[in-house]
Amino acid sequence: MKYHRNRGLAAILATLMLVGLVTLVTGHRASAAGESKITGTVKLDGTPPHMRGIDMSKDPYCVKAHANNPAQMELVVVGKNGGLENVVLYLSQGLPPQLENMKPNTVPVFDQKNCMYTPHVLAMDVNQDFKVITSDQTAHNIHPEPNPLTGNIPWNQSQPPGAPPVVKSWKVPEMIPVKCNIHPWMHGWFVVVKGPYAITDENGSYTIENVPPGNYTVTAWQETYSTQTQKVTVAAGKAATADFTFKAK
Amino acid sequence: MHRNLLKWPLLLSVVVALCLSGASYAQLTTDQQQEWLHSPAASSHIGNLSGAARAAALPYRRYCVGCHGDLGDGNGENAVWMPPPMYQKPRDFQLAIFKCRSTPTGTLPTDQDLFDAITRGFDRTNMPSWNPLTKQERADLVAWIKHFSPRWQTEKPGTPIQIPPEPEITPERVKAGQDVFGKMQCWKCHGVQGMANGPSASTLTDDLGQPIAAFNFTDGSRPKCGATDQDIYRIFMTGLDGTPMPSFADNIKPEEAWDLVFYLRSLQPHNAFNAKERQISKQLGLKPVNPNAPPGQ
Amino acid sequence: MRMWAQSHLCQKPQRVSSVLTAAFALIFLILSSSQSATALPAFARKYGLRCSACHESWPALNNFGLKFRDNGYQLMNDRDAPIWQNPGYWPVTFRITPIWHRVSSLSQVDTYTAGNPVPTGSTMQRISSTGFDLSGLDFHTGGTLEKNFSFYVLPSSDSTGAFHFESVNARLDNIAGSSWLNVKLGKFELNNLLSEKRTLWLTGNGGIYQTYHFIPANDGNTFGQMGDNQLGMEYMGHSVDDRTRVSAALLSSADGSVGLITGANSYSGFFTFDQAFDAGKLGTERLGAYAFVGEAATYYLTSGGVPIPGSGIGNKGFSRVGFYGQFYLGPHFDLNVVTQHGSDNAYFGQGYGSAIASDGDGTATCTGIAGSPGCPPNNTPGTTLPSGSRAPTWNGYTFEARYVYSPQLIFKGVYEAERMSQQATPGTPSNLGNINNYSIGYRYNPFMTSRAGFAYFGEFNLFQSAMGPLNSSNKATYQNTSELLFGFDFDF
């Protein structure tokens, strides 16, 4: 009686769910079953280069901010166990068409904090909005310097104390250096890629989420050691692994 | 020690160079530029004047190529005699990044901006004022400039900023301008008296990694983008692209901008534009801003 | 520098000359490589501009170069003072032109009878001389001493290496910050819109503008020479875009001779005004007027019959007035026009004036007794002019057309006509002393860099002077001198 009616309804609902699932899987990225991830660790083999301390005496505010916590250059940041931080991982080959133009709704934030960039490297997709804010009470200017011949056009905006956020996006994949002209030690990166991406943490670990099954080339980019690639096959529902080791020069 | 001071500019330059040198700062080819020569973008409209790029081939070769180069990349045969920091490298038209615009930072200038730049020249550079050329020649050269870069094929110039009418110069405005100067911390590069000796002045580099000096308001130099009040207004409200000078358009309101212009005029030695501002500054007994005052005041 | 002494060398047979001529033409055309021309080289080094930016075809100036010169060799970019120059910059350029040329002219040649060493008569004969030759050498030094203080010094030698100062002057530019106030002192070229010193021509009669030098037959006034550099002071003013230009110079009537040997006591003035118009697609057109008016001495005190240098008195007047035009007709073609109405006092017309003139290098041409062969008559007290003597007047025209194929290659032609309108002595043939001057030529610069420049050039000049025997209508016949010239012009 009731059971028979409910079974019919359940069948309809299940069909709808399946249709929905198929639509989602073949349409936009979604965290549905079938999609997987790529994880791994990036390490530095050898003695990391010495990161010099930064003389911030040009700006007393910056000196004060680092009175108890001296700042260092961040070209190579290595955590315990040799994990390499600030490495961007992305899929340089094998991206299905719907992921080529993916534009996440999240807005990564680049902060000018204590006269340093936080994070040091900001990764984003083409056309994905990102936000630049300042948490400092000293004036900065935010000056990314892409190569204008790629299609990304440089701009330069002031960020005095209390300045409103700057929201922008980039048109073309590129590793874009960012600097502050007022504080010459401030140097960061906007890394613009296509498709899913990840950045290593202080252990050198990363996870690229929402990767549909398929064959890919994963590229790891670090600002000093440039790139390395690995071929990876992602099976449905199973995480693939890609570890990288850069050699310290 | 001398070496220490060069540390991070050097490191920075190396890193930047590594990234910039590899990619496509490579030369565009004449074949590509030939194609753009015949495109609609290779034309200019300045008032009633229309310029055509092809009419400018001979004038460009005669007047411009020595510095700007056959490919418009600023590598003319004489560019080697103009090394920074004493000289500034000739403009690279392939990158199409221009200092003096009426349009926001990161956008292309209008034809009028380029026409004015050619007519006016640039003080303290080897770019002369080309006003002996006829207006038609200058308009044609503007069109020619636009055939060097792919950007003109796909991008439209930015929308020129609106400049409100210049208000009357009053002591209140000059004082308010000084407050803006302090709040925006212009003195970090330009110095508290505008002498280009601020704490960050010595490490300034342009987009090509070359040393560059901040504008010195006190030595009689003429501003790069023209000598009038409107020209100064435009400089900090659009930024000088390719240089450390950013755009303050998001941070200075138009009314405040005029106050800042008047204050900046008071820093300059006597010229044709600033008699009133200098007089007011003297009357008010304006002292340079205090860099050690708590920020935000 | 460009005055070729007529060399009476051995006369080459006509045919060999023609063959040589053709050979040279061919050689020069073949050797013309078309490297990209790129860029005074001294100025190019200082500012990074190509030579062609200022020079329509080196050394003639275009409008941009004219503005640079009027500004006192400054770009007005606050980087003009020498302190901003590269250490490798030295404001010196030297220029010399080795050539081959063939000159054909008429001379009164003595005739001899066999066995008689004394000439028995003379006839007018055409003599052709050919050979390799040199021009003089110019050391151009010029530029700024400091912002708004400029200078030009040009020691120049003739083709034998004898030096004189062609130009020595210093200038205060933009006095009180105004482009209308510039003052120059020294020896300098007059503010001629069509510059003879920057001429593209090098033949004897084609390398000068006849309109700038014309003197009626037997006239003694050698001082009103617009094409020669003069000694004096010049005020010059111009608008910031150099479209309007005005100048007034006070000169010693000495034709640039130093040492007070001639015009110590007489002065002349040179005044110009010109205005340029933006003619859109055609280019810039410039129209102007000039006046060279002054006095020069006709009487020299003598000692033992020989005129005493610097003692000139008895000043009489002269004038040369006219119009300039500079017309650009599109990107490749321009036409320069100079007109002149000239007038000398009747005393000059009768030959008085240049008793102890010099040839520009400071040494007198006549050191003998005035009135003796080679020395003009002296206007001693009591001298009266022949009855009916009049002021000789004339009208002159110069047309120079240039076809600028590119900044590297220019084709040019000149036509000049000087026509007497009133002879000094009644009864003189009305056309005596008239001149026609034709030149045609090319210059090709295979390169012109900021280090050095080089040009191949070829010219042909035909100079006709109405000084020949009278014809049936009592007019003097034209006597022709022609010159064919090929050479290299180089400057460093």
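Into which domains is chain B divided?

## The two domains of chain B

In this predicted model, chain B is divided into domain 1, which covers residues 26–154, and domain 2, which covers residues 171–284. The C-alpha centres of domain 1 of chain B and domain 2 of chain B lie 27 Å apart, and the contact between these two domains takes 16 residues from domain 1 and 20 residues from domain 2. On the side of domain 1 of chain B that touches domain 2 of chain B, the residues divide by class into 7 nonpolar, 3 polar and 6 charged.

## Two helices of chain B that cross

Two packed helices are described by the angle between their axes and the distance between the axes. In chain B, the axes of helix α7 (residues 171–183) and helix α11 (residues 275–284) come within 10 Å and cross at roughly 80°. Angles of 65 to 115 degrees count as roughly perpendicular, and therefore α7(B) and α11(B) are described as roughly perpendicular to each other.

The residues of α7(B) that take part in this meeting are B:Pro171, B:Val174 and B:Lys175, and on the side of α11(B) they are B:Glu277, B:Ile280, B:Ser281, B:Gln283 and B:Leu284. Sorted by class, the contact of α7(B) with α11(B) has 4 nonpolar, 2 polar and 2 charged residues.

## An enclosed helix of chain B

Why is helix α4 (residues 111–120) of chain B described as largely enclosed by the rest of the structure? The description applies because 8 of the 10 residues of this helix are buried. The buried residues of α4(B) are B:Asp111, B:Asp113, B:Leu114, B:Phe115, B:Asp116, B:Ala117, B:Ile118 and B:Arg120.

Following α4(B) in the chain comes B:Gly121, which has a positive phi, near 70°.

## Where chain C meets chain B

The contact between chain C and chain B takes 32 residues from chain C and 27 residues from chain B. On the side of chain C that touches chain B, the helices α2 (41–47), α3 (51–54) and α4 (63–70) of chain C each supply at least two residues, and the residues of that side divide into 12 nonpolar, 11 polar and 9 charged.

One residue of helix α2 of chain C, C:Tyr47, can be followed in detail. C:Tyr47 counts as buried because 29 C-beta neighbours lie inside 10 Å, where the cut-off for a buried residue is 20 or more. Leaving aside neighbours within four places in sequence, C:Tyr47 is in contact with B:Asn126 and C:Leu75. C:Tyr47 and C:Leu75 are 28 residues apart in sequence, yet their C-alpha atoms are 8.2 Å apart in space.

## Paired strands in chain C

Strands of a sheet pair through backbone hydrogen bonds, either parallel or antiparallel. In chain C, strand β10 (residues 267–278) and strand β11 (residues 284–296) pair in the antiparallel sense over 11 bridges. The hairpin of β10(C) and β11(C) has 5 residues between the strands, and in this hairpin C:Gly280 takes a positive phi near 60°.

Strand β11(C) is also joined by 12 bridges to strand β14 (residues 316–328) of chain C, and these two strands run antiparallel. Which residues stand opposite C:Glu285 of β11(C)? C:Phe277 stands opposite C:Glu285, and C:Glu285 in turn stands opposite C:Phe327 in β14(C).

## The fold of chain A

Chain A has 3 helices and 17 strands, and buried residues make up 42% of its 249 residues. Of the contacts in chain A with a separation of 6 or more, 64% are accounted for by residues 24 or more positions apart.

In chain A, 5 strands form an open sheet with mixed pairing, in the order β5-β11-β10-β7-β8. The edge strands of this sheet are β5 (121–125) and β8 (157–159), each of which pairs on one side only. Neighbouring strands of the sheet are turned by 25° against each other on average, direction ignored. Within the sheet, 2 bridges join strand β7 (residues 140–144) to strand β10 (residues 174–179) of chain A, and these strands run antiparallel. The bridge partner of A:Pro144 in β10(A) is A:Val178.

Methods:
Residues numbered from 1 in each chain as written. Chains lettered and ligands numbered in written order. Predicted model: local features only at pLDDT ≥ 70, side-chain atom pairs only at ≥ 80, totals over all residues. Pairing = 2+ DSSP bridges. Helix = DSSP H or I, 4+ residues; strand = E, 2+ residues; numbered from the N terminus. Axes fitted to C-alpha atoms, helices over the stretch in contact; angles between N-to-C directions. Contact = placed C-beta atoms within 7 Å. Nonpolar A, V, L, I, M, F, W, Y, C, P; charged D, E, K, R; others polar. Buried ≥ 20, exposed ≤ 12 C-beta atoms within 10 Å, placed from the backbone. Domains from an automatic or database assignment. Parallel < 35°, antiparallel > 145°, perpendicular 65-115°, else oblique.
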